[in-house]
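Biologist: I would like to learn how to read a structure of this kind, one feature at a time. Could you give me the general idea first and then the case before us?

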Amino acid sequence: MATRMRILRILGWTAGIVVCLLLILVIYVEMNWDAPQDRPVSDLRAPADSATIAQGEYIYKYQSLCWGCHADPSAESAADPGAFPQPSGGFLFDLRNAGPGFGLWYSRNITSDAGTGIGEWTDGEIVQALREGIAKKRTLFPIMPIDWYHGMADEDLLALAAYLRTLPPVQNKVPDNEPSLFAKALFTFGMLKPKEATTEPVIRPQREITPEYGKYLANNLAGCADCHTPRNLQNGQFYYDSLFAGSSFAYGEDEGAPMISFAGNITPDMETGIGTWSEEQFITAVTAGVLPDGSVLTTHMPYAYYKFWSPEDLKAVYAYLQTVAPIRRTVPDSRLVADLSSAQSVERGAILFKARCQACHGRNSRGAPPTNVSLAEVSASLSDAELMEFISTGEMSLNMPGFAKTLSDKEVSDVVVFIRSIETK
Ligand code: HEC
Ligand code: HEC
Ligand code: HEC
């Protein structure tokens with residue numbers, strides 16, 4: 001009896017100590033996770049000439065697609081549907097169910113509004129946010145591809161800063177992030193930390209059709225490496241020994257999109273990669289979304305924006321990808337996850353439109369940034385047969401892909417039924 005009591009007492013103490021230690025740990029994490037990063041900020045200054053601003057705009061809109069994450073989803077520009085939305089922030093990344101759970105994160109307002117945006121930041125502070133992942137002493141959660149932006153040249157970072165300053169200020173107070181305890185622990189114990197400080201100037205490679213320049217584009221400016229490289233889904237780390245061997249997760253799944261797709265293997269492997277593709281086939285896939293077999297990529301691959309790249313930039317990326325290590329790795333095909341079986345024609349058309357057309361034609365087909373055309377309007381002057389014909393063959397010169405190899409006649413006709421239904425609303 002006495003021994004039993006003693007054991008129970010010891011057990012009680014042990015449990016008590018464990019609970020206390022856990023509490024102390026939680027308190028420690030809560031107090032320390034957002035400790036300010038007191039690192040010097042560079043005094044780099046952005047030139048404000050028109051060539052610099054144009055370079056910043058090109059990177060912002062077509063190469064890094066900054067606006068895609070920084071647009072406020074609630075502020076759909078109804079008045080000007082084809083316009084790029086302002087980067088006033090608030091796009092929610094709900095990572096509560098990603099891996100062990102990282103909480104709720106919002107993109108920030110990067111317009112020049114003084115109170116809610118970055119109007120009062122210095123150029124050096126903007127550079128530090130992108131290159132080191134420190135935003136006014138705060139360590140950023142790595143949703144923005146800082147691992148890759150880290151190698152961005154001074155010239156391009158400053159061009160981005162110069163361009164951001166030309167955008168109109170939009171007052172929009174983005175909600176505070178809600179990191180999970182796990183995310184806070186990662187910050188506290190240094191698993192999530194800023195990139196090392198850059199102390200030397202980073203020079204942009206010459207704009208020439210060379211693997212060196214292509215490497216800079218594919219890794220540091222455009223997100224090719226970020227989307228196309230597999231990673232460890234528990235801690236988000238990239239497998240750098242498998243550069244460009246394809247994503248480890250499906251794009252579209254987190255947002256509940258009707259269609260999901262894995263970023264493919266774009267190493268020069270002959271069977272599972274793009275080793276047999278000609279430069280022309282590569283450029284057609286990257287700028288028009290059309291593969292050598294005639295099928296159309298999902299718009300999770302931002303080809304609609306890559307069509308605005310200069311030919312040298314595209315060729316340089318091709319030249320570079322030819323030189324990376326070929327890796328044998330297959331990713332699953334894209335697939336429709338929405339259930340079409342019980343839907344009516346118009347509902348099926350709506351789902352297919354969302355999966356296949358919306359990224360370019362906008363919600364309710366009013367036009368999205370790359371495609372300033374209202375389908376409801378133009379389709380009024382076309383017969384059903386003409387519409388079906390156009391959707392099936394497309395018009396490469398306009399960057400409208402043809403869907404004959406991707407959608408069945410029945411599916412195209414469902415989409416037409418849907419487009420007609422918008423017109424009458
Ligand atoms: C994949 C999405 C994504 C892309 C692409 C992206 N960002 Fe971000 N960015 C974010 C998120 C999310 C945050 C906030 C993270 C946090 O709060 O910890 C952020 C933070 C920032 C910040 C810090 C703002 C602040 O108030 O703390 C700046 C500046 C910024 N981004 C600029 C840019 C620029 C310029 C580009 C293009 C080169 C870009 N971003 C591309 C998602 C993105
Ligand atoms: C936001 C993520 C994202 C970015 C950024 C991105 N891709 Fe993709 N890419 C994808 C996805 C997803 C697919 C697959 C789409 C599908 O299966 O329909 C894809 C497909 C491709 C394909 C076709 C591969 C095949 O075998 O079918 C090529 C080639 C390609 N991307 C090249 C590039 C290049 C070059 C860049 C940079 C300039 C780039 N991608 C940037 C997500 C991305
Ligand atoms: C990569 C972007 C992209 C995708 C994806 C896309 N379109 Fe288009 N579409 C365009 C562009 C660009 C135009 C030409 C706009 C213009 O005339 O300036 C166009 C034009 C059209 C037109 C003809 C308008 C006219 O001027 O006669 C129709 C109809 C159309 N698209 C339907 C669709 C349907 C349906 C889908 C989905 C199955 C789709 N598009 C997917 C970019 C796209």
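Biologist: Which residues form a nonpolar patch on the surface?

Modeller: Please keep in mind throughout that this is a predicted model. The nonpolar patch on the surface is formed by V18, L22, L25, Y28, F189 and M191, which together have about 610 Å² of accessible area. One of these residues, L22, has its place in helix α1, which covers residues 2-32.

Biologist: Let us turn to the metals. Which protein atoms are the donors of the iron atom of ligand 1?

Modeller: They are NE2 of H70 and SD of M144, lying 2.0 to 2.2 Å from the iron atom. H70 belongs to helix α3 (residues 66-70), whereas M144 belongs to the loop between β4 (138-139) and α5 (146-149), so the pair ties together parts that are 74 residues apart in sequence. H70 is buried, with a relative accessible area of 12%, while M144 is partly exposed, at 23%.

Biologist: How should I read the angles at such a site, and what is the arrangement at the iron atom of ligand 1?

Modeller: The general idea is that six octahedral donors have ideal angles of 90 or 180 degrees at the metal. For the iron atom of ligand 1, the angles among the six donor atoms run from 83 to 180°, and the site is octahedral.

Biologist: Which residues coordinate the iron atom of ligand 3, and why is its arrangement called octahedral?

Modeller: The iron atom of ligand 3 is coordinated by H361 through NE2 and by M400 through SD, at 2.0 to 2.1 Å. The arrangement is octahedral because the six donor atoms around this iron atom subtend angles of 87 to 179°. Here H361 lies in helix α14 (residues 358-361) and M400 in the loop between α16 (384-393) and α17 (409-423), so parts that are 39 residues apart in sequence are tied together by the pair. Both H361 and M400 are buried.

Biologist: Now for a strand. How do I read its two faces, and which residues of strand β2 lie on one side and which on the other?

Modeller: In a regular strand, the side chains alternate between the two faces of the sheet. In strand β2 (residues 103-106), G103 and W105 are on one side and L104 and Y106 on the other, and all of them are buried, which leaves both faces covered.

Biologist: In what sense does β2 pair with strand β1, and in what sense with strand β5?

Modeller: Strand β1 (residues 92-95) pairs with β2 in the antiparallel sense, over four bridges, and β2 pairs with strand β5 (residues 178-179) in the antiparallel sense as well, over two bridges.

Biologist: Let us finish with charged side chains. How many salt bridges does a search of the whole structure find?

Modeller: Side chains of opposite charge can pair when their charged atoms come close. The search of the whole structure finds 18 salt bridges. In one of them the side chains of K184 and E30 meet, at 2.9 Å from N to O. K184 lies in helix α7 (residues 181-188) and E30 in helix α1, so this pair ties together parts that are 154 residues apart in sequence. K184 is buried, with a relative accessible area of 13%, whereas E30 is partly exposed, with 37%.

Biologist: How far apart in helix α2 are K61 and E57?

Modeller: K61 and E57 are four residues apart in helix α2 (residues 50-63), which means that about one helical turn separates them. They form a salt bridge in which the closest N and O atoms are 2.7 Å apart. K61 counts as buried, at 13% relative accessibility, and E57 is partly exposed, with a relative accessible area of 28%.

Biologist: Which residues are linked with R328 in a network of salt bridges, and is R328 buried or exposed?

Modeller: The network of salt bridges links R328 with D269 and E271. The side chains of R328 and E271 meet at 3.6 Å, N to O. R328 lies in the loop between α12 (311-321) and β7 (335-336) and E271 in the loop between β6 (259-260) and α10 (279-288), so parts that are 57 residues apart in sequence are tied together. R328 is exposed, and E271 is exposed too.

Note on methods:
Residues are numbered from 1 along each chain as its sequence is written. Chains are lettered from A and ligands numbered from 1 in the order in which they are written. This is a predicted model: local features need pLDDT of at least 70, side-chain atom pairs count only at pLDDT 80 or more; totals for chains, interfaces and linings use all residues. Side-chain values use heavy atoms; hydrogens and water are left out. Donors are N, O and S atoms within 2.8 Å of the metal (3.2 Å for Na, K and Ca); water is not among the atoms, so sites may look incomplete. Four donors count as tetrahedral if all angles lie between 85 and 135 degrees; four count as square planar and six as octahedral if opposite donors are over 155 degrees apart and all others between 65 and 115; anything else is irregular. Buried means under 20% relative accessible area, exposed over 50%, partly exposed in between (1.4 Å probe, protein chains only). Two strands pair if DSSP finds at least two bridges between them. Patches are made of residues with over 30% relative accessible area and no salt bridge: like charges are joined within 9 Å, nonpolar side chains (Val, Leu, Ile, Met, Phe, Trp, Tyr) within 5 Å. Accessible areas come from the Shrake-Rupley method with a 1.4 Å probe; for residues, only the protein chains shown count as cover. A salt bridge is a side-chain nitrogen of Lys or Arg within 4 Å of a carboxyl oxygen of Asp or Glu.
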